[in-house]
Amino acid sequence: MSDEGAPGPAPEPAPEPAPEPAPAPTPPADGKRLLEIDHLQVLFPIKSGVVISRAVGHVHAVDDVSFVLHEGETLGIVGESGCGKTTLIRALVRLIPATGGSIRFRGDDITKAGSNQLAPIRRQMQMVFQDPQASLNPRKRVGQIIATPLRKRGVPKNEIEPEGQRLLERVGLSPEHLNRFPHEFSGGQRQRIGIARALAMAPQLILLDEPVSALDVSIQAQVINLLEDLQDDLQLSYIFVAHDLSVVRHVSDRIIVMYLGKLMEVAPAEELYSKPIHPYTSALLGAIPLPDPRQNRARTRALVTGEPPNPINPPSGCRFHSRCPRATEVCEAVEPRLTEYAGGHLAACHHPQHVSAEEVTAARRSDASPLSAGDQPPAADSQAAPASSPD
Ligand SMILES: Nc1ncnc2c1ncn2[C@@H]1O[C@H](COP(=O)(O)OP(=O)(O)OP(=O)(O)O)[C@@H](O)[C@H]1O
Ligand code: SF4
Ligand SMILES: [Mg+2]
């Protein structure tokens, strides 16, 4: 590396419903099921009382969420701050206990697994965090940071250093960097160290919690390219969390859009951008600036204003109704079921966009639909719902 021995941050490496069942939708990926999440719920109790503490309410951080992740797949998870993305992925690796529902890894139910059953599975599911500075121990050299998971994996003592060097090279750093401290690296390089630490366990699944949000745009692209190369070489599966739809577009096979703890839409990545069914997805898309300022000014955007409601007392019916430009009475009264349209595209909305009346008629309730959702299918005349102008 050109920054060899240089003090301070080292430079980045070179740029590198109908109630009746309809025809089965196209499976979202060819791979086997790696992770199956079934009606997962995570509630955080709100406690009150000085002497005797008791729960006076709950934060509905993840509420009745179901999805499947296939081997080799990248699943993007997107939504505004506080919608439950981090809680969801922390619950998947059992860092947070689930209040309800189940988590299966390769068919094994790990929802309540004890530490003995969990240990080998946890090794196969590694996390990379948003803030590489905070997630690396500043008092330890990179070699020590990477040696810990290598030891846990059972790598013999004499092979730990060469294996650490190999991992650093694999993530675009220099073998000599094993001897440095985290503060001697730039943000992008620290994130590479975080990725090397995750790889040290030889995982099958990496859960990336906003891995590039803290980085400059040019560095973001380098880290994303690295993640894609690693996936090709090592047949990894990713869950890639972001609050911005522009970040996950090119890395994801499918994307989940979350709002206030619930799934709003699940779709193959390109279809989500070309044919968003849910008004909330349109609003997130409208928030992405276009590179050309003239196009940016000229386009019509379906933006939502205001803050998401309080997750302690979420709105009735559709949780998005208080901010939705298409909301009608039914939205406030009845929770929309997650409905499966053609091509593995799911959305929970009474007035879906970009779907024909025929598609609405042929749609079916998804197994991933919340248990609490009503039975009312989207109206066949949903195209005539209140006017909005999605991009
Ligand atoms: N330990 C906790 N105790 C109580 N509430 C919590 C706890 N952790 C998270 N929450 C709440 O749960 C909700 C979901 O939080 P979470 O961090 O999962 O959101 P997020 O989508 O990851 O947000 P961000 O984009 O800001 O990272 C929020 O309302 C948050 O305040
Ligand atoms: S169900 Fe109603 S409030 Fe919810 S997203 Fe659809 S139109 Fe908007
Ligand atoms: Mg988060």
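**Second largest cavity.** I sorted the lining of the second largest cavity by class and got six nonpolar, one polar and three charged residues. The model is a predicted one. I then listed the lining residues by name: K262, L263, M264, G317, C318, R319, E335, P336, A348 and P370. For the volume of this second largest cavity I noted about 80 Å³.

**Largest cavity.** I looked up the volume of the largest cavity next and recorded about 90 Å³. Its lining comprises 14 residues, and C318, C324, C331, C349 and H350 are the closest to the cavity centre. By class I have nine nonpolar, four polar and one charged residues in that lining. I checked what takes up the space of the largest cavity and found ligand 2 there.

**Shell of ligand 2.** I went through the surroundings of ligand 2 and found 13 residues, with C318, C324, C331, C349 and H350 the closest.

I turned to an open sheet of four strands and wrote down the strand order as 2-1-4-5, with antiparallel pairing. Strand 2 (54-70) and strand 5 (108-109) are the edge strands; each has a single partner strand, so one side of each has no neighbour in the sheet. I looked at how strand 5 is held to strand 4 (residues 100-105) and found two bridges between these antiparallel strands. For R104 I looked up the bridge partner in strand 5, and D109 is the residue I noted.

How values were computed
Residues are numbered from 1 along each chain as its sequence is written. Chains are lettered from A and ligands numbered from 1 in the order in which they are written. This is a predicted model: local features need pLDDT of at least 70, side-chain atom pairs count only at pLDDT 80 or more; totals for chains, interfaces and linings use all residues. Side-chain values use heavy atoms; hydrogens and water are left out. A residue is near a molecule or strand if one of its heavy atoms lies within 4 Å of it. On a 1 Å grid over the protein atoms alone, a cavity is a set of points where a 1.4 Å probe fits but cannot get out, and a pocket is an open set with protein on both sides within 12 Å along at least five of seven lines; lining residues have an atom within 4 Å of a point. A molecule sits in a cavity or pocket if more than half of its atoms lie within 2 Å of its grid points. Grid points are joined across faces, edges and corners, and a volume is the space filled by probe spheres set on the points. Ala, Val, Leu, Ile, Met, Phe, Trp, Tyr, Cys and Pro count as nonpolar, Asp, Glu, Lys and Arg as charged, and the others, Gly among them, as polar. Two strands pair if DSSP finds at least two bridges between them.
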